[in-house]
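Welcome! Here is a short tour of the charged pairs in a model that may be new to you. Take a look at the sequence and structure first.

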Amino acid sequence: MLSYIIQRIIRAIPQLLLISILAFIIIQLPPGDIVTRQIERLQASGVTVSEAQAQALIRQYGMDRPMYQRYLLWISNIITKFDFGYSYTFEKPVAQVILERMGYTFAIALFAHIFTWTVAIPIGIYVAVKQYSLADYIVTLITFIGLAVPAFFLAMIIMYVALTKFGIRTGGLFSQEYMVQPWSWGKFVDLLKHMWLPIILLGTGGVAGTIRTMRAMMLDELRKQYVTVARAKGLSEFKVIVRYPARLAINPILSGVMWLLPWLFSGGIILEIVLNLQTAGPALYAALRNQDMYMAGAYILITGALTAISAILSDVLLAVSDPRIRFGGVEGA
Amino acid sequence: MSKKTLQKKQLGRKTRRPIPEGQEEEFYRAGQWQLVWWKFRRHKLAQIAMVVLGILYFIAIFAEFVSPHDPLRRYKQYLSFPPTAIHIRDKQGRFHTPFIYGMKMGRDPVTFRPVYEEDTSIIYPIGLFVRGDPYKLWGLIPSDIHLFGVGGGDEAMPLFILGTDTIGRDVLSRIFYGARISLSVGLVGIAISFVLGLLLGGISGFFGGVVDEIIQRVIEVITTLPSIPLWMALAAALPREWPQLRIYFATTLILSILGWTGLARTVRGRLLSMREEDFVLAARLDGETEAAIIARYMLPGFLSYIIVSLTGSLPGMILGETSLSFLGIGLNPPTISWGVMLQDAQDIMNVAHYPWILWPVPVVVLAVLMFNFLGDGLRDAADPYVS
Amino acid sequence: MSADQVLAEIKNLHTYFYLAEGVVRAVDGVDLTIKAGRTLGIVGESGCGKSITALSLMQLVPPPGKIEEGEITYYQTVHKTEAASTSNVIEITKLKPNSREMRAIRGNQISMVFQEPMAAMLPVRTVGAQIMEAIMLHQQVNKAEARERAIDILARVKLPNPDRIVDTYPFQLSGGMRQRAVIAMALSCNPNLLIADEPTTALDVTTEAQILDLMRALQAEFNMAIMYITHNLGVIAEMAQEVAVMYMGKVVEQTDVVSLFRNPQHPYTQALLRSIPQLDDVMARAGKKKRLETIRGMIPDPYSILPGCSFHPRCPQFMQGVCDQLAPEVVETEPGHTVRCHLYTSRSAKTRAN
């Protein structure tokens, strides 16, 4: 087991290296060099930049050195000082911008996932058991439409309905009055009031896909002989389904809990922007509109790294829940 | 009868059904594509999808002719004009061919927003092949004939079936022109994915060894990259001063950067498994060259899978373009795409007052849904010998 | 318990599958009698309806299959004291498939062993957990006791180190060991009837012999009846006392095992017996080129309803105008030997006379 984990970690290293190179390339993509644009921007905002300051900036970003050294500088700053560069859109270090928003991002993503699972898994199991029934056809049709409607479309329509029919302005995580206040019970309640909509919308985005996966996995498992064997034992149909095929079919979905991490950063980016949430995604968007590429690079790097880590965790989790992998004997069965 | 034989029976029914009565002989002789077609024909939804997509692409191709207006023309007196009601029966209860009434504009005394009212004294019949805004079909053939519209020059009440946007442009015409970009992004995108996937997957599967290992690793990395942030970052990095056409191709390239990996894996997997097949060995023993074996024996064997894989990635690309353009980091005006049109909807107050600017949403959903149905039908039909 | 006590009776069973392109008559009028403590062998080619007959007996026919007609009666013996026992008559076909009564029979009174030991157990739960589940379901025992019984039953199917095997996962066992564990699971509640659906088909020949020996030993030990389903006449000869030969959903011949091999009467049975390789033939073939006999033709399309006898298109003794016209009735040619064939009906006698 331990050797399995170590093996997985070693395999991830070149992967992380490649991701970091890609992220660095993205930072360097826009034409013109970063320092010149930075200086232009500072001057535009009325700050005079002296020759010495300009030189300092050039040295800071390593612009006087060849590309590979700049990469090494960038990546070593990240590893040693957790310094992902500076976002001039937010006028803060990139790491700080992302960290500040981590909490909300995580909370919303977690609850959205829980929502997805509580809705999708039972439905997926049910329609698989009742294959070809009316319910199956209806759910299949709805999931088809659900897959074609991106969450942010749904959000726009719901915001429209909320505004015109109920006069509620949805969006954001706080009401005006709590926006800048320190934490209090009132602010917390206000947050909860604002959070349910993004949670449901984000969660709904995953429902159609999860139902389809669950249904397909269940249909595969229901055909297996051990299901008939379990019935032949005299178990009730409910216990047969829950203890046998569902137990196996749910594995890949549950091990997907680990994908929560990267999903935090990419799953509902557009929805978050539409809903104007104080999460990480909209920050990236705001930065990108100004070609604030350090933010973009950091974002890609973090998400890529999280995905790689999640893949390891997910494999480990799967190994824990599936003895076939745990004992390394994936023969037949 | 064991379960296995039951499955065999069900399998039997799948291959049985497409046989037309009394043509069993033909069934056994039919080529692969014939079988695929027979099987596809049984998939009702996929067929409907094919018809709907056919219509959508027809509109995209002949957008200039099908649109009632020039999509860039601003009707200054009809800003944010609501969809026009089409009547067939007038105030006096007489029936006509479909027509619209003239409109009188007033202002809301409180909000000062324009309010329109039907002027039932004037009737503008909707005609086919009417003269309207001049255009050049595909930039080549000059004409001013539109498939439908009110005609009658600038004096007449223009026909705004889906209303106008905030600066007075006809939403329907813009949707028609937008189809050209939004629907072709997917096609150009899969063309790029196809080349990349086939090439790299082919190299990987054919050479194996170190080359295979490297390509597989790169694919692994690419699949770990988050699609939307990556698209956003790349699209944002495009120079703002680039011409529209170049931005368009760059955007499709960005969208297909992640799409080819699935295809490359399919191609590689198929190549690797087929290398072991007896018929490939037989061909090799016959003295065929490796290239000929791939082209003549292996490629036809998984061409259907390639098509399925490509159709499957189309909806994602259409949605990707729409999302990026909606956010203003993909295509931008004056390019017309469904996503660009939705930029107006970013302000929820706009949507609240002029909900018809959301019309591109159902259109995108329709297109994506149809591609999903088509993809499903193709997936089922792809392997006519298995259920 | 007398040797001739009837344990279960199947009368005129019809189990159909309703598929989009028609009805598959998987079981089409089967009559069988299972006697307590004895083994009934059911033999036939794949697709003849033998497994569906067994599943019907447990009301486990998978959809879109349905028991359409017929009666299945189970005579449950309730031991009141050592000496006195009464018999409960249970009409299985009258019970709802998922009713409490039906589930009380499954795994408890009647249990089943399937063909694929690899697929019969859930790979992610231990062997012990899956055996204990049945024990705790049908008997009032706690977890520790159930575990004791599970270990005990594993020992009785001659698995080495049963106290270790109880905590292993199915995939850690070999095919033969796994089939022993599956048999243990089936026997865990002392059933009166064990249905064995080709339990050795997926195993190699040596393991097969061991499993067959084990089952015979267990039958004596548990005093249970076995309904043994196979396509292998050799296994039938070894296991069964009574044999029913099935073809296309019907029992075409039924008798005791000795009569079947000595005096097969149905042309299908005769053909089946001829298609077993004989050692003499093999030796003879070394010199001359004699091919092993096969049954001519294929099993017909399952959707079709053939007029007359369903075997007539393949029958070497096919009689024009009789076999393709009229469905044969069951005829008792000798005491306890029934056959469904026109060769033995009065009608055919007339035809032959002409």
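Is C:Glu133 buried or exposed? C:Glu133 is buried, at a relative accessible area of 6%; buried means under 20% relative accessible area, exposed over 50%, and partly exposed in between, with a 1.4 Å probe and protein chains only.

## About the model

This is a predicted model, in which local features need pLDDT of at least 70 and side-chain atom pairs count only at pLDDT 80 or more, while totals for chains, interfaces and linings use all residues. Residues are numbered from 1 along each chain as its sequence is written, chains are lettered from A and ligands numbered from 1 in the order written, and side-chain values use heavy atoms, without hydrogens and water.

## Salt bridges in chain C

The partner of C:Glu133 is C:Arg125, and their side chains form a salt bridge at 3.3 Å, N to O. (A salt bridge is a side-chain nitrogen of Lys or Arg within 4 Å of a carboxyl oxygen of Asp or Glu.) C:Arg125 is buried too, at 17%.

In another pair, the closest N and O atoms of C:Arg156 and C:Glu221 are 2.8 Å apart. C:Arg156 belongs to helix 4 (residues 143-156) and C:Glu221 to helix 7 (residues 205-222) of chain C, so this pair links parts 65 residues apart in sequence. Helices here are DSSP runs of H or I with at least four residues, numbered from the N terminus.

B:Asp212 is buried at 9%, whereas B:Arg268 is partly exposed at 21%.

Over all chains, the structure holds 24 salt bridges.

How values were computed: Helices (H or I, at least four residues) and strands (E, at least two) are DSSP runs, numbered from the N terminus.
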